[in-house]
Number of protein chains: 2
Amino acid sequence: MPDSSQKRITPRAENYSQWYLDVIESAGLAEHSVVKGCMVIKPYGYAIWENIQKILDAEFKKTGHENAYFPLFIPKSFLSREAEHVEGFAKECAVVTHHRLKNDSSGAGVVVDPAAKLEEELVVRPTSETIIHDTMSRWIQSWRDLPLLLNQWANIVRWEMRTRLFLRTTEFLWQEGHTAHENEEQAEEETMKMLEVYKKFAQDCLALPVISGQKSEREKFAGALRTYAIEAMMQDGKALQAGTSHNLGQNFAKVFQIRYLDRAGQLQHVWQTSWGVSTRLIGALIMGHSDDKGLVLPPKIAPIKVVIVPIWKSEEEREKVLKAALRLKEALSEISPELGVFGAVRLDDRDHLTPGHKFHEWEKKGVPVRLELGPKDIEKNAVVIVRRDTGEKKAILQSDAPSEVLNLLSEIQGALFQKASDFLVSHSRKIDHYEEFKAFFSGDGGFAYSHLCDSPDCETKISEETLATVRCIPFEQKEETGTCILCGKPAEKRAVFAKAY
Amino acid sequence: MPDSSQKRITPRAENYSQWYLDVIESAGLAEHSVVKGCMVIKPYGYAIWENIQKILDAEFKKTGHENAYFPLFIPKSFLSREAEHVEGFAKECAVVTHHRLKNDSSGAGVVVDPAAKLEEELVVRPTSETIIHDTMSRWIQSWRDLPLLLNQWANIVRWEMRTRLFLRTTEFLWQEGHTAHENEEQAEEETMKMLEVYKKFAQDCLALPVISGQKSEREKFAGALRTYAIEAMMQDGKALQAGTSHNLGQNFAKVFQIRYLDRAGQLQHVWQTSWGVSTRLIGALIMGHSDDKGLVLPPKIAPIKVVIVPIWKSEEEREKVLKAALRLKEALSEISPELGVFGAVRLDDRDHLTPGHKFHEWEKKGVPVRLELGPKDIEKNAVVIVRRDTGEKKAILQSDAPSEVLNLLSEIQGALFQKASDFLVSHSRKIDHYEEFKAFFSGDGGFAYSHLCDSPDCETKISEETLATVRCIPFEQKEETGTCILCGKPAEKRAVFAKAY
């Protein structure tokens, strides 16, 4: 692939948006395709997605969910059956109107065959509630069929005018959980359980501290009773919604007639949930941890966790060093299941690049630990170990390398979370006066914890005046009655306000 | 889900097509969706696909391939750039013409917004050569970028008029490998290597013997130099193409300008391959092994490998039996990585179903091994072990269960392959006279090995008269010059003829 390794990465302080794109390009994660708004996820970016999938999929199965697959296409009429849903969703989407091309009579390629017009247009799924709920209405008959716990890994299309790699693209990849339950309590329990799965994953694997809470009426999912979300803070102080979980109530069940005979023999509508995370998480990862040298990846999600860079000059040295490097690679691969995964330990034995070039390349790809091994190290049975996040390096004994690497990976994982947490705390503030609020958001910004009344008008006006929106009403907050940051009326809870991706 | 377990499965001898659909329904693998031609893959069917993915994906990675993801949409003009390709492919496909819906002015739902017409229509990928090759033209510059070994797991849409679950649906799931090489030899080596990966997978994991060979000019992939395939025989004697691997030559490279500087500094076009298998394989699995009692699955691909059915009458018995059953489950899960996989050992502790009902249900789902455990067995520290393929049952000691189960799973895997191989052999025949050939295909049919000349006319005429087509020209055949089965002209090789799915 074209060598972009010599290209300078724009520093964050100079241009944050450009820095984000430079990190993606120099790490080889993704690029824009010829199809407007659609991205190509390159192998290294896709490997991160595979790790996300692997870990989350195991959690979904442990919590009793099964994967299934539903059609890519949704009949147009389905979208308008749930009134709020169509308002919030159906508008900007890819519409299939024909099912055939034919040779152009002038010989210039192919044209749409007007004879092959569909009776009813199909929409490429912008989310799958409607098609899945229609199916559920045939699968569910008795309380014994409940809970029905499904998940789907799929591609999604929402036509976007302004796109940004990973964060907002016309096509993206995600998982969508869809469940049905006997009553509201069980649906609520499921909604919260899956939000907790997301929170744990974000914090433990992505090393991203998140605030979990409820979305405001204005920000909730179109058609849901309540939406919960986890919100992460990026290095520019903006919020990124990293996962959502919806209690759909009986709204869809009533529209799609999903009914069951309850334990008393009465026909009831089911209670439903849906929840999802997407390739957006890769955007969160990038903006949460990376630095001016390029990508920084938490070890648990990094496709390559350790890279060994051998250093030689003569052919004789080359042979000796490569032999020791290979031995080291094998010792590392054997010490833990994590390092035993195919590709997790990489030996960079390319002949045509200098060690310096290699260091630089793996740095930009965010590989957490680098081992440097040269002739002098070998004489001393030593190897140099370097951590990506801080750049610290030290010489260790080769025989200690496996345990040192494991320790360091775990240390880096913790350090990245700590660093991101410190950043979150230092950029969060309780604000009780609107002037201070406005100043906060015209400055560096961050998360403002402020009281908000129930009026959607206040919420709208605040976002118009400051560009900050309600990210969520956090679960964890002291009982502390106050007054709405805008109108001054009594308000019971603080909301987290932030500018958002 | 609705209990279809009481429904009778149509015997194969009575109506083979209906039997196939009954097996799918009673095992809960898939169903038609409201969207014409698109299927819903139900959790149990999807779990089989997940196992297929897991095993193949590991093989792809071991052979040096990386996964990536390319756009769902392909600009219409791309399809007509490779002339043969568009002839063979682009015609029956889903065409996206608009990107917005709007509220109907009459208030009746949503309509397509005429203002949101796309400048160039997009086609939902019927295969991804064009969009991937366009990308490759930017990724490849030097021989150092080669070989480029990519794979993509994706959904595919080809508009089909007559559909059959798994075998032919408008949307299906697949993997598509796409590679680029320095020369023809390396491309050919890759093409054959991946065909061999498919063959090994079909035989070792799916327990389906396959014939590998080259496709005729008439049957090759539109745009390829040469297509190779593996062909399996179903229980009605028909062939099912289970995987294809194409040497694309430089056809696409020339159209999409994929060039590299070779080792001598000269600009050259790359040589390419593509190869794929799809959810069709699940259809092959079903028709290859199942019987009149329902699905039969080879252990290596079965999502549930062992089911434990506890038997009790009184509450006291229930407690005792469930305790022993749970112990058994744990012992089984611990003995091998294969059984340690989440869900591989299932304890059916449902209260509201009789043991007989459970036996029946798991039989129809093709679970290879069943363990029956009742109060009398417990007194003797025994458990009854039953194999799905033959129905044989015997009592064994509970302490022997883990090793007995492992042995039996391996035995079943071998027995299914042997049975399918015997069937293939007994339904294959060398035929040298056209009258016999016609009689063969108007009777039970199977695979006919007959000489064929190079004339496409002969091939066409044979298929018109007998409905049998050339499945492949097998690699493995004796050098044995003969005469074309139709025209009598000299011919060097035998082709495998069969009616095909």
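## One salt bridge between domains

In this predicted model, the rule picks out 1 salt bridge across the interface of domain 1 of chain A and domain 3 of chain A. The partners are Glu231(A) and Arg471(A), with 3.2 Å between their closest N and O atoms. That sits inside the 4 Å cut-off for a salt bridge.

## The domain 1 side

Which elements give two or more residues to the side of domain 1 of chain A that touches domain 3 of chain A? They are one helix, α6 (184–204), plus the strands β11 (210–214), β12 (226–233) and β13 (239–249), in chain A. By residue type, this side of domain 1 of chain A splits into 7 nonpolar, 6 polar and 7 charged.

## How much gets buried

Put together, domain 1 of chain A and domain 3 of chain A bury about 1,500 Å², and 60% of that is on carbon and sulfur atoms. Over in domain 1 of chain A, Ile211(A), Arg218(A) and Met233(A) lose the most area to domain 3 of chain A, making up 34% of what that side buries.

## Where the domains sit

Stepping back, chain A is divided into domain 1 (16–289), domain 2 (306–415) and domain 3 (428–498). For the pair discussed here, domain 1 of chain A puts 20 residues into the contact and domain 3 of chain A puts in 18. Their C-alpha centres are 29 Å apart.

Notes
Residues numbered from 1 in each chain as written. Chains lettered and ligands numbered in written order. Predicted model: local features only at pLDDT ≥ 70, side-chain atom pairs only at ≥ 80, totals over all residues. Heavy atoms only, no water. Domains from an automatic or database assignment. Contact = heavy atoms within 4.5 Å. Buried area = accessible area lost by both parts, 1.4 Å probe. Salt bridge = Lys/Arg side-chain N within 4 Å of Asp/Glu carboxyl O. Helix = DSSP H or I, 4+ residues; strand = E, 2+ residues; numbered from the N terminus. Nonpolar A, V, L, I, M, F, W, Y, C, P; charged D, E, K, R; others polar.
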